[in-house]
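Please keep the sequence and the structure in view while reading.

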Amino acid sequence: MLTLVLLLLSSASCFSASVKDGAAGPRLNNKQLYKFSYISEVLLDSTRGPKENPAGYKISSQVDANLVWRDPSSKDDQLIQLAVSNVKLEPATPRPEKSNILHGATAESLLGKTSLAALTKPFLLHLRNGKAKAFYSYWSEPATIRNLKRGLASLFQVQLKSGKVVENDVSGRCTVAYQAEKHRVTRTKLLETCKTAETGFTTQSQVLGVSRKSSSVTVFTLEDGFIRSAVAEETHSLAVNARRSAAAQVVSRQTLTLVRTEAGPLEVPGKDVSGVVKSVDAKLAAVGIMLEKVKSQCKGCPALFQHWQTLQKQLEPDQLSSATAPRSFLALIQSIRRASKDEILKVLKSASKTSLPQVVDAVTSSQTDASLDAMLEFLNFTDAKGLVLQERFLYACGFASHPDQRMLQALLDISKGKIGSTDIKESVVIIMGALVHKLCQKGGCSSPAVMQAKQLILNGPSSTQVESEVQMYLLALKNSMLPEAIPTFTKYAESEVGAYSTIALTALQRYHVSLLTEEVKRTVNRVYHQNRRIYEKNVRAAAADVILSSNPSYVEVKNLLLSIGHLPHEMNKYMLSKIQDILRFQLPASKMLQKAMKDMISHNYDRFSNLGHPLRFLDSWHVSNTDISGVCSCVCAQAESPVSPESADMTSTYSLDILYSGSGILRRSNMNIFGASNGATLHGLQVTRMDYR
């Protein structure tokens, strides 16, 4: 939280000047000292509820600026010195003494003597045509102090003419729009364009992700060709898409006011900037203007092994159903992320057999280099007896929120080595497909590890005749969601092996409709209508799912409706239930179905009254979670309940389709879990069971 607050303190621009003679940026005069008063407020508040007393604090100080050096051939090429003094910290809004945690505190007691001394030590900024070319400070300073100085230095970067430019400042490399008027300049930073080093991770799913709205505007008031005041405000609003009540707003307001000017130091003689900087202080270094990532240190946190000893009982199997178990699991992950490889191995080796699977989950889920190295050293994939722990490791890799190239490369190396269990060998390849999908979503599809994994799984189905291995590669391709895999799925959709067809068809159902070509649709229709060979009912049911979920044409829908009545009794019942569900829940194909059903040839009592054997068939169930808090309504296909209302945040739909044979044997069950929020859809889970007897 401190890092975020410091970034917001630093990132809004608050200074500009207007001078005569067509200056590109602010020019400081020789032998003159500019004294500014500076106030910065940071407020943190929820987006709902009263706004009277938001949390936050205010920093006030004095800022002195003077010219150190100017290029004789260019008045807009100058080196300036900035110095902060008289630092004070207080609450952003007035509070009673009892609730004022800053009451009686000084800047030294809050920041520390060393940090305060570093903050008040002068630093240099090289400006050329109003743009920051270099920022000089001390590597010996804490990164937090350097970031505060970077923010102050960025305030002196300004353009005096209207237009859009790309600038480097504390926020990164950003597009900035300037609007200049007679006595006023407005600076708008387009924060969504800022490019900077990655400081965290996020999910690519809009349903599970976080929405952010940000703005940064600075208004400068000019008088007699120079800055009189600058007021800046930067706002960041964050909300969890799945629960928008979990939201926060952070506001940073900054005010810079010119108090007076007085006699200042002379320029330093020199031919170039580097020589002048050395003459001022040889310890000054060009540390870059962009924000530096600050690694937070946990003060008073116990060592990993000590923390594990306090949590071990909560992660035993008989305690996993308690409310404390998930909290203990998450706390353990946080400790592991701060630990070294040796510390993690010590915990793994000391855990009991019953708690070890949970520890493997936590270590893998921490997703650090040290945790991955520890797991690879701890697990022996040549030993078939370690199947349970190996499987837990692989599943945790598959569900990783932000996998990296090292994790995928580790699985590639495991797949090339000796593996004691055939099930683990298959799981390794299947999980690789999931990692390829996530890494491609992050823009890493062309990295060496991903390219190697893609080649392995794309060429896999044609490289073997063993049925289990072909299924393994098809499942890996299904997890990868690679557009290049669509021709492979199209080929295997018409396979004589029912397992191949089902995997291929359920995979095609997951692709966006724009990727499904006319050739793919013709193939799926041939499977459903059995134009070339006879297929099992479960394969035809999977083909029908693809047709109805891929923006079907009028002809496709009409032909599908005409097939009802000519299908086996249980298949009739299944298809009728699917159509009723699409119409009831207003799924994308509902409009085309309504249009086709106006034709009495395809929609009549004789065709739709042949329902099969209801005692031997359980039709579709749809469970809609109307509120993310867990209030559910369950609607059976025969029930006459209205469509479940959607909440403002998220709607979850659970569908279970079950197909029985005429003798009552389960032939196919397919369960899907979807989440929808603000027009985005997440296919959270698909579980399919087939009987090919």
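## A buried cysteine and its partner

Cysteine 174 has a relative accessibility of 1% and therefore counts as buried, a word that stands for under 20% relative accessible area, whereas exposed stands for over 50% and partly exposed for what lies in between (1.4 Å probe, protein chains only). The model is a predicted one, in which local features need pLDDT of at least 70, side-chain atom pairs count only at pLDDT 80 or more, and totals for chains, interfaces and linings use all residues. Residues are numbered from 1 along each chain as its sequence is written, and side-chain values use heavy atoms, with hydrogens and water left out.

Cysteine 174 forms a disulfide with cysteine 194, with 2.0 Å between their sulfur atoms; a disulfide is a pair of cysteine sulfur atoms within 2.5 Å. The link of cysteine 174 and cysteine 194 is right-handed, with 115° about the S-S bond. Because cysteine 174 lies in strand 7 (residues 172-180) and cysteine 194 in strand 8 (residues 184-195), the pair ties together parts that are 20 residues apart in sequence. Strands here are DSSP runs of E with at least two residues, numbered from the N terminus.

## The other disulfide

A search of the whole structure finds two disulfides, and one of them joins cysteine 440 to cysteine 445, with 2.1 Å from S to S. The torsion about the S-S bond of cysteine 440 and cysteine 445 is about 70°, so this disulfide is right-handed. Cysteine 445 counts as partly exposed, at 24% relative accessibility.

## Valine 687

Valine 687 belongs to strand 17 (residues 680-690), and its relative accessible area of 42% makes this residue partly exposed.

How values were computed:
Helix = DSSP H or I, 4+ residues; strand = E, 2+ residues; numbered from the N terminus.
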